Amino acid sequence: MNELGERLRIIASFVPKGKSVCDVGTDHGYLPAALCLSGDCRSVTATDIRKKPLENASKNLKRLGVKNVELILCDGLQKVPQEKAQAVVIAGMGGDVISGIIDRCPYKEKPDFILSPTTGASTLREYLAENGFTVEKEVAVSENGKIYSVMLCRFDGKIRHLSPAEKRIGKLDFQDEAGAAYIKKQLSIIEKCIFDLEKSGKRQDFLSENIIAKQEILNKKKG
Ligand SMILES: C[S@@+](CC[C@H](N)C(=O)[O-])C[C@H]1O[C@@H](n2cnc3c(N)ncnc32)[C@H](O)[C@@H]1O
């Protein structure tokens, strides 16, 4: 499907085959369209909190000749029964919004979550770790000059505390081009933070966290 960019293509490839899938915050509806056309899913549902995006999704699905996607107007997964959400995609929103949607899900221990935040990936990684979710797989993907993380997560009930570097780069590594670019960008954000905090003399705790994150990332690079 031409409408699917690289980011949505990677997200679709993370969806386990044979499961019912719900795309939360679908907007244009391209992801559920592609999942439906692939024939690999048991059922495909898509939600959005606003009416306009759902109307947009409905038009696109018609144009693409896709009939079997159920569209639901609701916050997150509030009106989606558990059997329709064995796998849940939440992409294109901030890490705090994604964390909130997972947190309000009445059956959050059950689905496979495929997550791709636009911003606030550290906040999302921290939420997942501290609330019993494990990230099984994470890759970076670049599209239109921006770089995103895509994660596959499941609830396993173990509470984890992430190191400063783990919060910033998760499970990404230097081995592929997009992963290396993601880490390089995080390093430059950390370095700017260190520079600003040293200059202002404020937030010593935050300054030392950034220094530790930088050192951890550099050590990882050395291998
Ligand atoms: C930028 S679009 C992302 C579209 C698509 N998921 C993607 O990644 O390309 C974000 C969409 O999420 C919807 N949204 C925001 N908060 C939501 C929530 N709590 N529940 C459902 N949809 C939400 C917005 O209305 C918007 O249509």
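I call a residue buried if 20 or more other C-beta atoms lie within 10 Å of its own, exposed if 12 or fewer, and partly exposed in between, with C-beta atoms placed from the backbone. By that rule, buried residues make up 38% of the 223 residues in the protein.

**Ground rules.** I am working on a predicted model, where local features need pLDDT of at least 70, side-chain atom pairs count only at pLDDT 80 or more, and totals for chains, interfaces and linings use all residues. Numbering starts from 1 along each chain as its sequence is written.

**Overall form.** I looked up the secondary structure and found 8 helices and 7 strands. Helices (H or I, at least four residues) and strands (E, at least two) are DSSP runs, numbered from the N terminus. I then checked the extent: the C-alpha trace spans about 55 × 35 × 30 Å along its principal axes.

**Contacts.** I count two residues as in contact if their C-beta atoms, placed from the backbone, lie within 7 Å. Of the contacts with a separation of 6 or more, 64% are between residues 24 or more positions apart.

**Strands β4 and β5.** I found β4 and β5 running parallel, joined by 6 bridges. Two strands pair if DSSP finds at least two bridges between them. Ala-87 stands opposite Asp-112 in β5. Strand β5 (residues 112-117) is mostly covered, with 5 of its 6 residues buried.

**Ligand shell.** I counted 16 residues around the ligand, the closest being Gly-25, Asp-27, Pro-53, Ala-91 and Gly-92. A residue is near a molecule if its C-beta atom, placed from the backbone, lies within 6 Å of it. β2 (43-48), β4 (87-93) and α4 (95-103) each give two or more residues to this shell. The largest share, 3 residues, comes from β4. By class I get 7 nonpolar, 5 polar and 4 charged. Here Ala, Val, Leu, Ile, Met, Phe, Trp, Tyr, Cys and Pro count as nonpolar, Asp, Glu, Lys and Arg as charged, and the others, Gly among them, as polar.

**Domains.** I have domain 1 (6-162) and domain 2 (177-222), with bounds from an automatic or database domain assignment. Their C-alpha centres lie 29 Å apart.
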